[in-house]
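I opened this model to look up how its parts pack. My notes follow in the order I made them.

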Amino acid sequence: MISFVVNLFLNVSFKIKINGVENVPSDGGIVLCANHLSNFDPVVLKLRFPRNINFMAKKELFSNIFLSYILKKFDAFEVDRAKNDLNAYRTAMNILKSSKVLGIFIQGTRKTDIDTAKNGAAMFAVKSGTPVVPVGIKASYKFFSEININIGQPIYFNEINKTSKLDKETLESITQKISDAIKNLI
């Protein structure tokens with residue numbers, strides 16, 4: 001019911017275009033990594049992406065009982081961004097090992113600047129051995145405007161040893177590659 005109402009609202013309020021659906025692997029774990037402009041981003045992706053997405057969301061969103069209920073119905077799980085959250089890490093890795101989709105925003109919060117990218121997507125992709133599917137979102141989210149979602153080709157990091165400790169330089173290099181792919185999709 002919630003999905004129906006939200007989908008109806010989106011269809012009436014925006015013109016949503018999605019390109020590159022053929023780039024999404026039909027099975028196996030993937031890290032969907034997108035830029036984050038608005039609170040609408042995860043909702044639009046969740047309802048329009050060809051596979052179910054399990055989004056990582058900041059724990060503060062779960063403090064509201066109503067919002068927490070909706071987030072859980074939409075397969076979101078909480079992460080404490082103030083610390084290294086091992087529960088969130090384990091949840092994310094279990095999602096990927098279960099051949100599901102982990103949704104993560106490269107900036108870690110809503111920002112127009114992609115150059116402030118965080119290393120989470122890179123770490124999850126390498127440690128799980130799953131590809132990153134970059135997604136570029138271009139939207140103003142003004143009523144009746146266009147929302148363009150461009151899905152890029154999967155990026156594989158098979159050449160990196162997932163069992164060894166990742167150094168900061170390697171993570172930053174991978175993150176830059178993901179960030180560049182998202183920029184090219186915007």
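**Helix 5 and helix 6**

I looked up helix 5 and helix 6 (residues 168–185): their axes come within 8 Å and cross at roughly 105°. Axes here are lines fitted to C-alpha atoms, for helices over the stretch in contact, and angles run from 0 to 180 degrees between N-to-C directions. Helix 5 is therefore roughly perpendicular to helix 6, a label for angles of 65 to 115 degrees. Helices (H or I, at least four residues) and strands (E, at least two) are DSSP runs, numbered from the N terminus.

I then listed the contact, meaning heavy atoms within 4.5 Å. Ala121, Ala122, Met123 and Val126 of helix 5 meet Leu171, Ile174, Thr175 and Ile178 of helix 6. By class this contact has seven nonpolar, one polar and no charged residues. Ala, Val, Leu, Ile, Met, Phe, Trp, Tyr, Cys and Pro count as nonpolar, Asp, Glu, Lys and Arg as charged, and the others, Gly among them, as polar.

I noted the basis too: the model is predicted, local features need pLDDT of at least 70, side-chain atom pairs count only at pLDDT 80 or more, and totals for chains, interfaces and linings use all residues. Residues are numbered from 1 along each chain as its sequence is written, and side-chain values use heavy atoms, with hydrogens and water left out.

**The sheet**

In what order do the seven strands lie in the open sheet? I read 1-7-6-2-5-3-4, with mixed pairing; two strands pair if DSSP finds at least two bridges between them. Strand 1 (15–19) and strand 4 (77–79) are the edge strands, each pairing on one side only. From one strand to the next the twist averages 25°.

Strand 3 pairs with strand 4 in the parallel sense over three bridges. Met56 stands opposite Phe77 in strand 4. Helix 6 packs on the sheet and touches strand 2 (30–34), strand 6 (132–139) and strand 7 (146–151). The direction of helix 6 makes about 40° with that of strand 6.

**Helix 1 and helix 2**

I found that the axes of helix 1 and helix 2 come within 11 Å and cross at roughly 105°. These two helices are therefore roughly perpendicular to each other. Among the residues that meet are Val6, Phe9 and Leu10 in helix 1, and Phe40, Val43 and Leu47 in helix 2. The contact of helix 1 with helix 2 divides into seven nonpolar residues, three polar and one charged.

Conventions
Angles under 35 degrees count as roughly parallel, over 145 as roughly antiparallel, 65 to 115 as roughly perpendicular and the rest as oblique.
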